[in-house]
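Subject: Structure handover

Hi,

Here is the structure I promised to pass on. Please have it open while you read, as my notes follow below.

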Amino acid sequence: MNVVPEQLTAKDFATDQEVRWCPGCGDYAILKALQRTMPEIGATPEKTVFVSGIGCAARFPYYMETYGFHTIHGRAPAFATGIKLSNPDLDIWVVGGDGDMLSIGGNHLLHALRRNVDLQILIFNNEIYGLTKGQYSPTSRIGTRSPSTPQGSVEAPVSAALFALGSGARFVARSVDTDQKHLPVMFKRAHAHRGASLLEIFQNCIVYNDGVFDGFKDPSVAADRQVRVEHGQPMIFGKEKNRGLRLRPGAFEFEAVTIGENGVTAEDIAIHDETNRVMATLLASMDPDTLPVALGVLYCNPAPTYETGVLSQAADVRAKSPNANLNKLLRSGYTWTV
């Protein structure tokens, strides 16, 4: 490992490994944004670990000048949990794609979130299996044509944000790969949160699902098709900043309104409360065909972390039985002889 200089830069978190993603892949932008963010959050290579499963995104640890584990399919959250319990002072990032994290690894992700293990979990969502040549994934939309669904997928897709909220996650956020201003802010928020932080990044797969997010990512439509939520701020969007979200009268859902039309005033626009799980669920549930896509911190409501509880419990047990001898206990009664 390189000698750590006093003032780290993005280069200090970049390895000498050749980055092997397809030219134009959104993963490049995410990698650069995170390498640039690491010095700003005070990270150091010797205290940082990246853990991944299998997939294009899972190559991430090779490119970060930190400790890293490229583990097995879907098991990155489980590996990361073990690392955190063994070394609670380490700063641990989990990186995976939508297939790795929400299909094969859905079970492990659920438990890492509900346990509230202090991890930064990044899901690179491109709605496709890129590494294995473009099969549909759990987040693929109905009608997605792929080598494994040549007539179009008929399955309802998983929403990463709704999955996380339903699993009991205490921090859920969204961003996009190419937004080099917004993405580092989300990295910093996720890192600052103590507990499991899930950040869904809408990432373009230029080969197998190119442009799937253009409906809200393309600069020509982004202002009208995205709403950037900030705690305590009205949820306003649009090129003219005259559109917003309000709770539909008589219903428990958001609707998009225009300030100045049909009696709508600025006071009618809903204020984002990131501590409100119900509001986060409504934001994550918005139909992108009729409502803007909510980006930013949808939910942040800290709670005690898993490792704090486990380690505290172990310390209490040791205090109550300072002379306990596990080896003696194992040899004290009936044992199996192989």
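A word on terms before the strands: helices (H or I, at least four residues) and strands (E, at least two) are DSSP runs, numbered from the N terminus, and two strands pair if DSSP finds at least two bridges between them. This is a predicted model, in which local features need pLDDT of at least 70 and side-chain atom pairs count only at pLDDT 80 or more, while totals for chains, interfaces and linings use all residues. Residues are numbered from 1 along each chain as its sequence is written, and side-chain values use heavy atoms, with hydrogens and water left out.

Let me start with the strands. β8 (residues 236-237) runs antiparallel to β9 (residues 243-247), and 2 bridges join them. Within this pair, Phe-237 is found opposite Arg-243 of β9. The two strands make a hairpin with 5 residues between them, and Gly-238 in its turn has a positive phi of about 100 degrees.

β9 also pairs with β10 (residues 254-258), again antiparallel, through 5 bridges. Here Leu-245 faces Ala-256 of β10. This hairpin has 6 residues between its strands, and the turn includes Gly-250, whose positive phi is about 80 degrees.

Now to the helices. Axes here are lines fitted to C-alpha atoms, for helices over the stretch in contact, with angles from 0 to 180 degrees between N-to-C directions. The axes of α6 (residues 160-167) and α10 (residues 277-284) come within 9 Å and cross at roughly 155 degrees. That makes the two helices roughly antiparallel (under 35 degrees counts as roughly parallel, over 145 as roughly antiparallel, 65 to 115 as roughly perpendicular and the rest as oblique). In terms of contact (heavy atoms within 4.5 Å), Ala-161, Leu-162 and Leu-165 of α6 meet Arg-277, Ala-280, Thr-281 and Ala-284 of α10.

α6 has another partner to look at: α5 (residues 106-115) packs with α6 at an angle of about 50 degrees, their axes 8 Å apart. The pair is therefore oblique. From α5, the contact takes in Gly-106, Leu-109, Leu-110, Leu-113 and Arg-114, and from α6, Phe-163, Ala-164 and Ser-167.

Happy to talk any of this through when you have had a look.

Best wishes
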